[in-house]
Amino acid sequence: MSRRTLAVVSAGLSQPSSTRLLADQLAAATRDELARRGVEVELRPIDLRDHAHDVVNHLLTGFPPPALRDALDTLAAADGVVAVTPIFNASYSGLFKSFFDLFDATTLADRPVLIAATGGTARHSLALEHAVRPMFAYLRAVVVPTAVFAATEDWSQAAADGALRSRIVRAAGELADQVARRAPAAPPDPFALTAGFDELLAGRDPS
Ligand SMILES: Cc1cc2nc3c(=O)[nH]c(=O)nc-3n(C[C@H](O)[C@H](O)[C@H](O)COP(=O)(O)O)c2cc1C
């Protein structure tokens, strides 16, 4: 069996979080679909709630604290990404957007991504298409055709076993196809510069 890694990003703020629940279900379904294709996958959860303060600090200073650096490296080295945001005011949450603002337009290029969202009302499901998908298009990621939206009513037992479940399985199959057909992503270069020359020179002892 070949091996891959899947970064599973949730921007849910509640505890417990319906966004994390959806992310976990999508990740498990993708793992099953990849196993059917002879690929073993390691799931790497990233809860943006845990990095919220660090994301803002990174935006202000240009330097990621170690825990956030690990999360950024995990995402940069993953073979595929599940990215799930709660819908706030008819769009992605600010934390979700701020986290992906830390990536330039090359890091996620050609990376398979499954996008999903949770919300209070299904009337806002198209936020995935008018906000989340264009952001990943700018980042040149390969977003699978099926985006999964789970409104509060979708978590009732019947809906969760029926319509929502079938959307999850379809999207997971699409992500698994994209991940399986690519060679494993190269791990991040441990010697790569993580700061610009200006920053390095500013921190250098002039003596
Ligand atoms: C500030 C705020 C704005 C929200 N705006 C919307 C909205 O525009 N559309 C929607 O469907 N749900 C909206 N919601 C509901 C959240 O999307 C929903 O509760 C989400 O699933 C919570 O995810 P969590 O359980 O992972 O925290 C909003 C919630 C908050 C707190």
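The largest nonpolar core of this predicted model has 52 residues, and V9, L26, V82, V84, L114 and A116 make the most contacts inside it. A nonpolar core here is a set of buried Ala, Val, Leu, Ile, Met, Phe, Trp, Tyr and Cys residues joined through C-beta atoms within 7 Å. Helix α7 (residues 163-181) gives the largest share of this core, seven residues. In soluble globular proteins, nonpolar side chains tend to be buried together.

Residues are numbered from 1 along each chain as its sequence is written. In this predicted model, local features need pLDDT of at least 70 and side-chain atom pairs count only at pLDDT 80 or more, while totals for chains, interfaces and linings use all residues. Helices (H or I, at least four residues) and strands (E, at least two) are DSSP runs, numbered from the N terminus. A residue is buried if 20 or more other C-beta atoms lie within 10 Å of its own, exposed if 12 or fewer, and partly exposed in between, with C-beta atoms placed from the backbone. Two residues are in contact if their C-beta atoms, placed from the backbone, lie within 7 Å.

On the scale of the chain, the secondary structure comes to eight helices and seven strands. Of the 207 residues, 35% count as buried. Among contacts with a separation of 6 or more, 79% join residues 24 or more positions apart.

V82 lies in strand β3 and is buried because 30 other C-beta atoms lie within 10 Å. Leaving aside neighbours within four places in sequence, V82 is in contact with L6, V8, V9, A23, L26, A27, T30 and L114. V82 and V143 are 61 residues apart in sequence, with 9.9 Å between their C-alpha atoms. A116, for its part, touches L22, L26, V84, A147, V148 and F149, again not counting residues up to four places away in sequence.

L95 counts as buried because it has 20 C-beta neighbours inside 10 Å. Beyond residues up to four places away in sequence, L95 touches A11, L48, A52 and V55. H51 is 44 residues from L95 along the chain, and their C-alpha atoms are separated by 9.2 Å.

The ligand has 16 residues around it, of which G12, S14, T19, T118 and G119 come nearest; a residue is near a molecule or strand if its C-beta atom, placed from the backbone, lies within 6 Å of it. Helix α1 (18-36) and strands β3 (80-88) and β5 (112-119) each supply at least two residues of this shell. The largest share, three residues, comes from β3. By type, the shell divides into five nonpolar, eleven polar and no charged residues (Ala, Val, Leu, Ile, Met, Phe, Trp, Tyr, Cys and Pro count as nonpolar, Asp, Glu, Lys and Arg as charged, and the others, Gly among them, as polar).

The buried residues of α2 (52-61) are D54, V55 and H58. Seen down the axis, they fall within an arc of 105 degrees, so they line one face of α2; the arc is that of the directions from the helix axis to the C-beta atoms. On the other side of α2, H53, L60 and T61 are exposed. The buried residues pack against α3 and α4. G62 follows α2 and has a positive phi, near 85 degrees.

Helix α3 (residues 66-77) has twelve residues and reaches 16 Å from its first C-alpha to its last, close to the 16 Å expected at 1.5 Å a residue (1.5 Å times one less than the number of residues). Its buried residues are L68, A71, L72 and L75. They lie on the same side of α3 because they cover an arc of only 95 degrees around the axis. These residues pack against β1 (2-10), β2 (39-47), α2 and β3.

Helix α5 (residues 127-138) also has twelve residues, and its reach of 16 Å is close to the 16 Å expected. A127, L128 and V132 are its buried residues. Their arc is 80 degrees, so they line one face of α5. The face turned away from this buried side carries the exposed residues E129, H130, P134, A137 and Y138. What covers the buried residues of α5 includes β3, β4 (91-92), β5 and β7 (148-151). R140, which follows α5, has a positive phi, near 65 degrees.
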